[in-house]
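Colleague: I would like to go through the ligand site and the sheet beside it. Please show me the model before we start.

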Amino acid sequence: MLNKSEAGFRKLIELLKPHHRKIIWGFVFMLVYVVCWPLLAWLAGQLIPAIGKGDLSKVLVVITQALCVFLVQKLAQFFQDILLADPSLRISQDLRQNLFSKLQKTKLEAVEKLSTGDLTYRLTEDADRVGEVIYKTIQDTTPCALQLVAVYGYMVYLDWQLSISTLFLAPIVAVLVSKFGAKVMIAAEKSQNQVSELAGLLGEAIQGLPLVRAFAAEEWLQQRFNQQVELHRKARYQNLRLLALQHPVIGFIEASGILTVLALGAARIQSGGLDSKGFSSYVAALLMLIDPISHLTTNFNEFKQGQASLRRLKAIENEPLEIEDEIDAIKLKNPKGDILFESVEFSYDNKNKVINNLSLTISGGQIVALVGPSGAGKSTLFSLILRFNKPQKGNIYFDKFPIENLKSSELRTQIAIVPQTVVVFSGTIYESICFGRVATKKDVIKSATIANAHDFIMEFPNGYETRLEERGVNLSGGQLQRIAIARAVLGNPSVLLLDEATSALDSEAEASVQLGIKQAMKGRTVVVIAHRLSTVQEADQIIVLEKGTIVDKGTHDDLINMKGRYRELCEKQFIRNADP
Ligand code: ADP
């Protein structure tokens, strides 16, 4: 697992390549910054004895030199930071864009499994954290590591015997840091998972708020929320406790190390191995090691937390992708809208068959009503026609072509869907009808007119430029349905898949939607999941589906006369829903 995420980080470093110019310049300034440290240690070696001797003019000269070195160092740090900030932010941006693009291609059922809040958290917080780690690694960890090498190199130059004794401390610190790091990563992943779950619950809670109020279920929801918050607090506390323990332990080892070096240094001066100037420089250099060691420890923890985030991001990447188009996909020319199912079998989990040896011919221009109990597989048939899923057995043809030989985007331009629940993104009505497609105002008005939506849209002061609030809350259910119909007919598809809304609209709204649907159906093949008797009666073909199998097929009159499942269903279901 760990190796996988390390490989993941290596892949991220690949993303740095396009920005190599800025990075090289950033490193040049970083080197200037790093070289200044031993120089400052050397100046400290000049300064301290001069102060001891009371040699004011020497002190002033050395202070001026030190000021110049500091100035150069801080300028170099500034340029290093700004030159390296941009590439690291861009990587984080690329990472997020790549993931979102991956999400757009991921199988719908895999995405639906994850909660909205969880996904949002991963794409925002986790992606940010990974970006932060990249930024820190380039901008802080690297100069700190170089500073460590440069300063230690200078210490070896000053007194290698003394430096070897300091080196004994390094493995102790390294082992401790890595042991803590591994624990921090596990704790961080746990804590991040808890936040994700919290975000998921929040998403559900916000969407379901009206329902929660209607059922007076606030107390129940509050308790669920409190439990989740409590779990998060515990996970976070575990993380913080580890960090809290790490700093004093490593700090103590550092302090002991410094005191030991001081004692050893005093012994070296006594034996004549080191003079006071050299020792002053040595102590100054030693003190210069503390800051980078503490940064490296903190950054290592963050690196581990970043690895946890990267693992969570990778989990999205590993979800199965939508079925890809074949390279030489066929292009459709004036399709008629014929659909043919040939002995189709499909299962979501490769175990339970949802569609069972189903054969069905739908000729261009026909109206076909799918009826049957909930769970019969009606929506699954839609998802197969749209190629969201691939049957394990049998074939589906569109205009005589197997659908897997067609370009999915082209197939979906020819087959439009009006779902039961209308989804709108915030934006104008115009944008909502276009839904990412380029269309002239004339075409949009034409579609809205077909959908019986033009008149109500024009009643708004801003007409088509009226802004829709999130989830379309400023439109009525019937109005939203008509927007969805306008959206579906905009591309002039040859097939319309309709999932009739089951939620009752008032009779006036219902009539307006029905008129829109009737107009939209003209000249197209229509497959409708029917809940209304009027729709069923008008159908050229009614398919009665049960447990993924066609149990009855024919016109309304045929099937009523057959006194089979359809008639039973009508008596149970449609008559109740039937139009007066
Ligand atoms: P209908 O539209 O007739 O109500 P569906 O096509 O939605 O029926 O569902 C048919 C069966 O497939 C049901 O048993 C349902 O639980 C199952 N099913 C639907 N979608 C999924 C999915 N994404 N993953 C697993 N099973 C699913």
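The questions below take the ligand shell and then the sheet of this predicted model.

Colleague: Which residues are around the ligand, and how do they divide into nonpolar, polar and charged?

Modeller: The shell includes the run Pro373, Ser374, Gly375, Ala376, Gly377, Lys378, Ser379 and Thr380. Glu109, Tyr348 and Val354 are also around the ligand. By class, the shell divides into 4 nonpolar, 5 polar and 2 charged residues.

Colleague: How far is an oxygen atom of the ligand from the N or O atom in the side chain of Thr380?

Modeller: Polar contacts are pairs of N or O atoms within 3.5 Å, so the pairs can be checked against that cut-off. A polar backbone atom of Gly375 is 2.7 Å from a ligand oxygen, and a polar side-chain atom of Ser379 lies 2.6 Å from a ligand oxygen. For the side chain of Thr380 the distance to an oxygen atom of the ligand is 2.5 Å.

Colleague: What percentage of the area that the ligand exposes when taken alone does the protein bury?

Modeller: The reference is the ligand taken alone, which exposes 560 Å². Of that area, the protein buries 58%.

Colleague: Which helix gives the most residues to the shell around the ligand?

Modeller: The shell includes Lys378, Ser379 and Thr380. The helix that gives the most, with 3 residues, spans 378-385. That helix is α11.

Colleague: Which strands are at the edges of the open sheet?

Modeller: The sheet has 4 strands in the order β2-β1-β4-β5, with antiparallel pairing. An edge strand here pairs on one side only. The edge strands are β2 (353-362) and β5 (401-402).

Colleague: What angle does the direction of α11 make with that of β1?

Modeller: Helix α11 packs on the sheet and touches β1 (339-347), β2 and β4. Its direction and that of β1 make an angle of about 115 degrees.

Colleague: Which residue in the turn between β4 and β5 has a positive phi?

Modeller: Strands β4 (residues 393-398) and β5 run antiparallel and are joined by 2 bridges. Tyr397 stands opposite Pro402 in β5. The two strands form a hairpin with 2 residues between them, and the turn residue with a positive phi, about 50 degrees, is Asp399.

Definitions and conventions: Residues numbered from 1 in each chain as written. Predicted model: local features only at pLDDT ≥ 70, side-chain atom pairs only at ≥ 80, totals over all residues. Heavy atoms only, no water. Near = heavy atom within 4 Å. Polar contact = N/O pair within 3.5 Å; in protein donor to acceptor, adjacent residues only side chain to side chain. Areas by Shrake-Rupley, 256 points an atom, 1.4 Å probe, with all protein chains shown as cover. Nonpolar A, V, L, I, M, F, W, Y, C, P; charged D, E, K, R; others polar. Pairing = 2+ DSSP bridges. Contact = heavy atoms within 4.5 Å. Axes fitted to C-alpha atoms, helices over the stretch in contact; angles between N-to-C directions.
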